[in-house]
Amino acid sequence: MLPACHIQGRLEAGTDEAGRGCLAGPVYAAAVILPDSFSHPWLNDSKQLSEARRYKLRPIIEEQAIAWAIGICEAEEIDRINILNASILAMHRALDGLKVRPGAVIVDGNRFKPYGELPWETMVKGDGRFANIAAASVLAKTYRDDRMKELAKVHPQYGWDVNKGYPTKAHRKAIAELGPTEEHRMSFRLLDTQLTLDI
């Protein structure tokens, strides 16, 4: 089982994002502070878990966490400031939402920006190494999936209830046939165009 955090004895927030590689919809992030004693045999990188397990873990995380919060950056913001900056901003917003101020932050991946005066450290593959980051990955993923299912009711032709906005063939086919919506990230390559040679 994953250790609850990187350094025990401090209020350490783990943070992660979901939806960075999507063509449509917002990017979500979560921040989670777990007690040092927390453990759960299922908890891992959310991408390694079935959807059913992610949703079963969510209330366990929310009930047992010292604090947790969600941050969001919408598609329009992603287009304006780029996906990397938007992912970090969503993480900062999640940290802003914590009801308990952490003493330090650990971040999945290798890019972050200072958050106030708090010490922070990036952790490559951190969502598979520390429970607080893994918990953040589960919350970010499930809350984003919920949002994409709601958006799918408004734009059912794009299959967001299934593909969650990721660049599947069916999603790109729908964009080619119907055009993009206001939820699409216009700064992304929405169509997988192929080079053709005129002879």
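Two strands are taken to pair if DSSP finds at least two bridges between them. In this predicted model, strand 2 (residues 27-33) meets that criterion with strand 3, the two running antiparallel and joined over seven bridges. A handy place to start tracing this pairing is valine 27, whose bridge partner in strand 3 is cysteine 73.

Stepping back, the pair belongs to an open sheet of five strands, arranged in the order 3-2-1-4-5 with mixed pairing. Strand 3 (67-73) and strand 5 (120-123) form the edges; each has a single partner strand, so one side of each is left without a neighbour in the sheet. On average, neighbouring strands of the sheet are turned by 20° against each other, direction ignored. Helix 3 (residues 83-96) lies across strand 1 (12-18), strand 2, strand 3 and strand 4 (104-108). Relative to strand 3, helix 3 runs at about 145°.

Lysine 164 is buried yet has no salt bridge. The nearest side chain of opposite charge belongs to glutamate 51, 4.2 Å away, whereas a salt bridge requires the side-chain nitrogen to be within 4 Å of a carboxyl oxygen. The lysine 164 side chain does, however, reach the backbone oxygen of aspartate 161 at 2.8 Å. Leaving aside residues up to four places away in sequence, the residues that lysine 164 touches include Glu51 and Asp145, along with Lys141, Arg144 and Lys149. Cys22, Ala24, Met148 and Gly159 are also among the contacts of lysine 164.

Methods. Residues numbered from 1 in each chain as written. Predicted model: local features only at pLDDT ≥ 70, side-chain atom pairs only at ≥ 80, totals over all residues. Heavy atoms only, no water. Helix = DSSP H or I, 4+ residues; strand = E, 2+ residues; numbered from the N terminus. Axes fitted to C-alpha atoms, helices over the stretch in contact; angles between N-to-C directions. Contact = heavy atoms within 4.5 Å. Buried < 20%, exposed > 50% of the residue type's maximum accessible area, 1.4 Å probe, protein only. Lys, Arg positive; Asp, Glu negative; His and termini not counted. Polar contact = N/O pair within 3.5 Å; in protein donor to acceptor, adjacent residues only side chain to side chain.
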